[in-house]
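This briefing walks through one protein chain by topic, and it is meant to be read with the sequence and the coordinates side by side.

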Amino acid sequence: MALSLLYPLLVLATFLFMQTLADTSFVQSRAAYYPNSQENGTDVGACGFGSFGATVNGGDVSAASNLYRNGVGCGACYQVRCTNSAFCSGNGVTIVITDQGSGHNTDFILSQRAFGRMALNTDAAASLLALGVVDIQYRRVSCSYPNKNITVKMHESSDNPHYLAFVIWFQQGSRDITAVQLCETQNFVCKLLDRSHGAVWTTAAPPRGPLSLRMLFSPEDEGEETWVVPVNNIPQDWKAGQTYDLGVQVDQ
């Protein structure tokens with residue numbers, strides 16, 4: 001009797017899982033994981049985030065191939081779910097792009113933590129890790145950092161007042177930062193920064209005094225690009241390795 005009841009439930013569960021996978025907003029692909037990493041991601045990722053790139057989002061991070069987009073894709077969030085109903089949950093995991101990499105025709109190389117979190121449970125996670133590479137579906141989703149403002153981290157190579165480099169942390173939403181300007185707060189003269197690599201913005205001749213940042217965000221749906229001006233300035237005595245809360249956040 002128990003078996004006769006169990007079989008219809010298994011059929012129903014499989015049907016519901018397949019219906020979930022039929023969502024047309026997802027793209028079909030494959031994913032692997034960092035085979036030699038710790039559970040989290042790497043702190044030497046191509047995006048230039050440093051240790052932040054290994055631990056942001058609880059360590060649910062990934063390297064990307066085409067989605068890296070010459071660094072524009074750094075910090076973007078994706079929902080990634082594997083497609084094997086024996087091991088995989090319908091929701092999968094939300095990851096942040098912090099590195100560049102590819103292999104075995106994959107779009108993602110996940111941290112081990114993120115790879116395992118696509119699974120139904122701990123035993124299923126072990127089975128996924130044993131497979132190494134799995135078929136997946138993915139889609140772009142909004143990043144969410146509750147109680148966090150957009151923050152700049154001064155790169156260790158910075159040297160006030162001769163050279164300025166920084167990365168941007170905690171950007172919410174699903175739009176890209178495509179350009180950054182640095183402006184003098186007294187005369188409002190602005191300078192367009194270079195993207196040296198990944199998410200690292202640089203200038204060899206930074207303006208003097210307290211500095212105001214302007215960030216150009218990609219269009220949302222059919223809209224237009226938008227400049228966002230933070231509330232807080234970067235202080236005149238900015239230092240390499242320091243972080244500065246810009247006092248602003250974008251909608252998800």
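L182 has its place in strand β9, and the model in which it is seen here is a predicted one.

- Leaving out residues up to four places away in sequence, L182 touches L164, V189, C190, K191, L193, P207, L211, S212, L213 and I234.
- Apart from neighbours within four places in sequence, S212 is in contact with Q181, L182, C183, T185, V229 and N233.

## Annotated domains

- An unreviewed UniProt entry places the feature "domain: Expansin-like EG45" at residues 44-148; over that range the chain is 18% helix and 28% strand, with the end C-alpha atoms 24 Å apart.
- The UniProt record, again unreviewed, places "domain: Expansin-like CBD" at residues 162-246, where the chain is 0% helix and 45% strand and the end C-alpha atoms are 22 Å apart.

## Strands and sheets

- Five strands form an open sheet in the order β11-β12-β8-β7-β15, and their pairing is antiparallel. The edges are held by β11 (194-197) and β15 (243-245), and each has a single partner strand, so one side of each is left without a neighbour in the sheet. From one strand to the next, the twist averages 35°.
- Strand β2 is joined to β4 (residues 93-100) by four bridges, the two strands running parallel, and the bridge partner of S62 in β4 is I97.
- Strand β2 also pairs with β5 (residues 108-110), here in the antiparallel sense and over three bridges, with A63 standing opposite I109.

## A buried aspartate

- D176 lies in the loop between β8 (164-169) and β9 (177-184), and D176 counts as buried because its relative accessibility is 11%.
- The side chain of D176 makes a polar contact of 2.8 Å with the side chain of R69, and another polar contact, of 3.0 Å, joins the side chains of D176 and R140.
- When neighbours within four places in sequence are set aside, the residues in contact with D176 are R69, V72, R140, Q171, L216, F217 and S218.

## Disulfides

- The chain has four disulfides, and, with the bonded cysteines numbered in sequence order, the pairing is 1-2, 3-6, 4-5, 7-8.
- C47 and C74 are joined with an S to S distance of 2.1 Å, and the torsion about their S-S bond is about -90°, so this disulfide is left-handed. The pair links distant parts of the chain, 27 residues apart, with C47 in the loop between β1 (27-33) and α2 (52-55) and C74 in the loop between β2 and β3 (77-82).
- Both of these cysteines are buried, C47 at 0% relative accessibility and C74 at 11%.
- C77 and C143 form a disulfide with an S to S distance of 2.0 Å, and the link is right-handed, with 115° about the S-S bond. This pair too links distant parts of the chain, 66 residues apart, with C77 in strand β3 and C143 in the loop between β6 (134-141) and β7 (151-154).
- C77 is buried at 4% relative accessibility, and C143 is buried at 2%.
- The sulfur atoms of C183 and C190 are 2.0 Å apart in a disulfide, which is right-handed with 105° about the S-S bond. Here C183 is buried at 5% relative accessibility, whereas C190 is partly exposed at 35%.

Methods:
Residues numbered from 1 in each chain as written. Predicted model: local features only at pLDDT ≥ 70, side-chain atom pairs only at ≥ 80, totals over all residues. Heavy atoms only, no water. UniProt positions renumbered as here; feature names shortened; annotations may be inferred. Buried < 20%, exposed > 50% of the residue type's maximum accessible area, 1.4 Å probe, protein only. Polar contact = N/O pair within 3.5 Å; in protein donor to acceptor, adjacent residues only side chain to side chain. Contact = heavy atoms within 4.5 Å. Pairing = 2+ DSSP bridges. Axes fitted to C-alpha atoms, helices over the stretch in contact; angles between N-to-C directions. Disulfide = S-S within 2.5 Å.
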